[in-house]
Amino acid sequence: MQTNFSPEQLADKDIQLADNILRKCVHCGFCTATCPTFVELGDELDSPRGRIYQIKGYLETGKPGDKLVKHLDRCLTCQSCMTTCPSGVDYVHLVDLARERMEGEIKRPFMDRFIRVLLSQILPYPNRFKLAMIGARLGKLAPWALPAVFKGMVEKAPKSLPVPGLSDSQSHYPAAGTQHKRVAVLTGCVQRVLKPSINDATVRLLTRLGCEVVVPQDQGCCGAVSHHMGRGDEARSFIKNNIVSLEKAAGDQGFDAIISNASGCGTTVKDYGHHLKGDPQWAERAEKISGAVRDVSEFIGELGIPEGTLSNLPKVAYHAPCSLQHGLKVVATPKQLLERAGFEVSTPLESHLCCGSAGTYSILQPAISKRLQKRKVDNLERLSGEVIATGNIGCLEHIGSGTKLPIVHTVELLDWALGGTKPDELS
């Protein structure tokens, strides 16, 4: 793609990055076939190629325009287009750059601004999020009195919250038997409130496989929530806090890996090096953290597991989160692990398409999100699965609200099949 940036513009490092990305695009259109919003809406402006054109115009002229805001907000950042792109266009970093730049130049409607601030001040903080969930349960008593945007949030609130998990109170777990690895586990913000059983299953399974597990007690949000809403400074603050937390927990011994069991978080942490690139104080430290991150399924695949011995296990319909298959490029491993553990596993049609969760997307773009949710649920329910497995808390909660099938994290099934606790959803 030809660009028309002036020499003065190209003195800006962000514009240099955008120019390099834009010039790789050859207009082939392969991305349109795998873009969830284009598949659903059929609008070229809601395809990666269409957004690239709009971003190019915005960065060249400095004028975002209402159309760019609308269509950039509709992007799920699922990265499916990047898996498909034959030219290696770094679409996600182009979108990230445009979102942050745009957020400092536009003025959104009041309610839009309010809900974005609310999300950024609640979701990354587990204690605040827990209080919000309690408040949302009260909102269920009179949903008719709530503004439309809050109705979607209240609908997502669970009827009750689980008791805190072990990883909320304990920071160190010795390996069972001979120690082979020393790892840190990221517990997530929303996950530790809505489903702490995922973290508990992760710790049990890793220790059983010979890992000493450290759970940094002062870890915070990975930065994803703020980052995807274009709140760059806020995201970088979270990132720096997490780097310090992980460095402190590593001590002199260090870690063989930093384990993420929420692939949305893992994708962000894997990108810390990019977020702080060029910062002399943080760049090298961020890159070290990025290089150590492994999705829990990826790391368990590297360790290897014994064959499962349980019989009469339920058939599994496996949903691959976009952040796992497109972001972290972990595709076959979760299914292979489940099969080795003794489960019969099937995958749905259109497994490359997003379920519509995408972090805050299901709240900020509820109509499109629900269409994608139904599409995903329909494909999963056509399989013979008795339980749905996935590797990301956002997908788990979003898909789970649209189906009667039980849905659990992949690591919960692996833990159960290899000597751990049976998930409550299957009891």
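This report describes salt bridges, a surface patch and a helix pair in a predicted model.

## Basis of the model

The model is predicted; local features need pLDDT of at least 70, side-chain atom pairs count only at pLDDT 80 or more, and totals for chains, interfaces and linings use all residues. Residues are numbered from 1 along each chain as its sequence is written, and side-chain values use heavy atoms, with hydrogens and water left out.

## Salt bridges

The whole structure contains 30 salt bridges, each defined as a side-chain nitrogen of Lys or Arg within 4 Å of a carboxyl oxygen of Asp or Glu. One of them joins Arg-23 to Asp-19, with the closest N and O atoms 3.3 Å apart. Residues are classed here as buried (under 20% relative accessible area), exposed (over 50%) or partly exposed (in between), with a 1.4 Å probe and protein chains only. Asp-19 is buried, at 10% relative accessibility, whereas Arg-23 is partly exposed, at 48%.

Another salt bridge pairs Arg-49 with Glu-44, and here the closest N and O atoms are 2.8 Å apart. Glu-44 has a relative accessibility of 30% and therefore counts as partly exposed.

## A link between a loop and a helix

Asp-279 and Lys-240 also form a salt bridge, their closest N and O atoms being 4.0 Å apart. Because Asp-279 lies in the loop between α15 (272-275) and α16 (283-292) while Lys-240 belongs to helix α13 (residues 232-250), the pair ties together parts that are 39 residues apart in sequence. Helices are DSSP runs (H or I, at least four residues), numbered from the N terminus. Asp-279 is partly exposed at 22% relative accessibility, and Lys-240 is partly exposed at 26%.

Elsewhere, salt bridges that share partners join Asp-73, Glu-103, Arg-108, Asp-112 and Arg-116 into one network.

## A nonpolar surface patch

Phe-110, Met-111 and Phe-114 make a nonpolar surface patch of about 300 Å². Such a patch is made of residues with over 30% relative accessible area and no salt bridge, like charges being joined within 9 Å and nonpolar side chains (Val, Leu, Ile, Met, Phe, Trp, Tyr) within 5 Å. Areas come from the Shrake-Rupley method with a 1.4 Å probe; for residues, only the protein chains shown count as cover. Phe-114 is located in helix α7 (residues 110-122) and is partly exposed, with a relative accessible area of 35%.

## A pair of helices

Helix α19 (residues 333-340) and helix α23 (residues 410-417) have axes that come within 10 Å and cross at roughly 25°. The two helices are therefore roughly parallel to each other, a term for angles under 35 degrees.

Terms used:
Axes fitted to C-alpha atoms, helices over the stretch in contact; angles between N-to-C directions. Parallel < 35°, antiparallel > 145°, perpendicular 65-115°, else oblique.
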